[in-house]
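Let's take a friendly walk through the packing and the charged pairs of this protein. Please have a look at the fold before reading on.

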Amino acid sequence: MTTQLQIAQAGQVSDEVRFVAEAENIEAELVRAELAAGRLVIPANKLHLKTNLRPAGIGRLLTTKVNANIGTSSVRSSIEAEIEKMEIALAVGADAIMDLSTGGNLDRTREQLLARCPVPFGTVPIYQVIEGRDVEDIDNKMILDIVERQAAQGVDFFTIHAGVLKEHLPLLESRVAGIVSRGGALLAKWMLHNNRQNPFYEMFDDLCDILADCDICFSLGDGLRPGAIADATDQAQLAELRTLGELTQRAQEKGCQVMVEGPGHVPFDQIQYNMEIQQEVCRGAPFYVLGPLVTDIAPGYDHITSAIGATAAAFYGASFLCYVTPREHLGLPNAEDVRAGVVAAKIAAHAADVARGLKGAAEKDRRLSIARANLDWETHLAESIDPATAEKMHVEACREIGREKSFSADYCSMCGKAWCSVRINKEIREAIKRKDPAKV
Ligand code: SF4
């Protein structure tokens, strides 16, 4: 037995399953059973596990997880800048990191990031396959070599665009935005130029063997995801999804863990259907969604359009949210964009977990609310999703009201002392407790 899936299917509880169960405060046997059924994954390359990886689980049984994409581009590439982005993403709670680098020394960038990354780490191998060559020229050996090379570095999950097929391409004709996935667009170009089937699809069994060897999790890419809400849930997207369902089963039968990637740009009213159809077609395999963005008209604010869609997605079926930064569609994100994107996605994930009634989720809100009602600023700030930002704003407000010791403030600059309903409520409660309402 080589993979988490096979170990779980044999009825054994691995150390990684136990670790995930403890982190989520849930019974290990429940985690094992979901893993065995293909409804939960623990992306953990055996080589990364030997260094610094803390295993994390992804699936509906568990809290919703958030991924942060980082990576160089051909226009701007600095390993130090990417390390800084990763550290900021981790500091504000990213549960996974994807390195989407396309510029500079890709192997060195990946190696440096992985050495500092304690959470599941993913890549998109085709980006490196085309490095220094035209996409039309790539062949099967080049693909397998890069996948093997990245596997040996310890990558925990790979986006593999094996579901976009030659016969799907005519379905794109009526689209507004065509193919927006980089991997999908590159492979479509290759298929048209060579008049052949997607090489990732043709070599899928070989890829399964490589991934099973290190227990790398498939993240089956959605090369035809809609990039405009006008294209959402169209024939091309659904045809690829059906292929992803077939590939999910094939990979699982070879012992591989699988999650499936999903859209993209989807109007709010279509999100529930999109989540349910994926769960049905892929038999409950964890759904990893990019957004979805619920409108196209807010460049500069797409962390918000995405958080709205992600909340619904995580409520209706997704297990893993890929963050979107405010700079989406506009440029390569900087460290501040990464922080804003992760926080927005974490809020979406938590809001969905509360609505799903996940054990312990609403308790966090309760703790913060009690602290807020008691004007206990120290706990209020510490319990918040981004304590550093909350504290910065609180300290600024305290300066405005002339308070040196910010934690002792009994009102803030929003309403002023006489109008502070929280302070007044506190006095009312204390008076009622003393059975002396006249002294409020
Ligand atoms: S002043 Fe207003 S905003 Fe500030 S703590 Fe009191 S009620 Fe809340």
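The report below covers the nonpolar cores and then the salt bridges.

This is a predicted model, in which local features need pLDDT of at least 70 and side-chain atom pairs count only at pLDDT 80 or more, while totals for chains, interfaces and linings use all residues. Residues are numbered from 1 along each chain as its sequence is written, and side-chain values use heavy atoms, with hydrogens and water left out.

**Nonpolar cores**

A nonpolar core here is a set of buried Ala, Val, Leu, Ile, Met, Phe, Trp, Tyr and Cys residues joined through side-chain atoms within 4.5 Å. Buried stands for under 20% relative accessible area, exposed for over 50%, and partly exposed for values in between (1.4 Å probe, protein chains only). The largest such core has 99 residues, and the members that touch the most others are Ile97, Phe218 and Leu321. Helix 15 (residues 335–355) gives the most to this core, with eight residues. Helices (H or I, at least four residues) are DSSP runs numbered from the N terminus. Apart from this core lies another, of twelve residues, including Val20, Ala36, Ala44 and Leu53.

What does Ile97 touch, not counting residues up to four places away in sequence? Its contacts (heavy atoms within 4.5 Å) include Asn67, Ala68, Ile70, Met86, Cys117, Pro120 and Phe157.

**Salt bridges**

A salt bridge is counted when a side-chain nitrogen of Lys or Arg lies within 4 Å of a carboxyl oxygen of Asp or Glu. By this rule there are 26 salt bridges. Here are some of them, with the N to O separation:

| Arg110 | Asp107 | 3.0 Å |

Helix 6 (residues 106–115) holds Arg110 and Asp107, which are three residues apart and so separated by about one helical turn. Arg108 and Glu111 also lie in helix 6, three residues apart, about one turn of the helix.

For the remaining pair in the table, both Arg225 and Asp222 are buried. Finally, salt bridges that share partners join Asp107, Arg110 and Arg149 into one network.

Note on methods. Helices (H or I, at least four residues) and strands (E, at least two) are DSSP runs, numbered from the N terminus.
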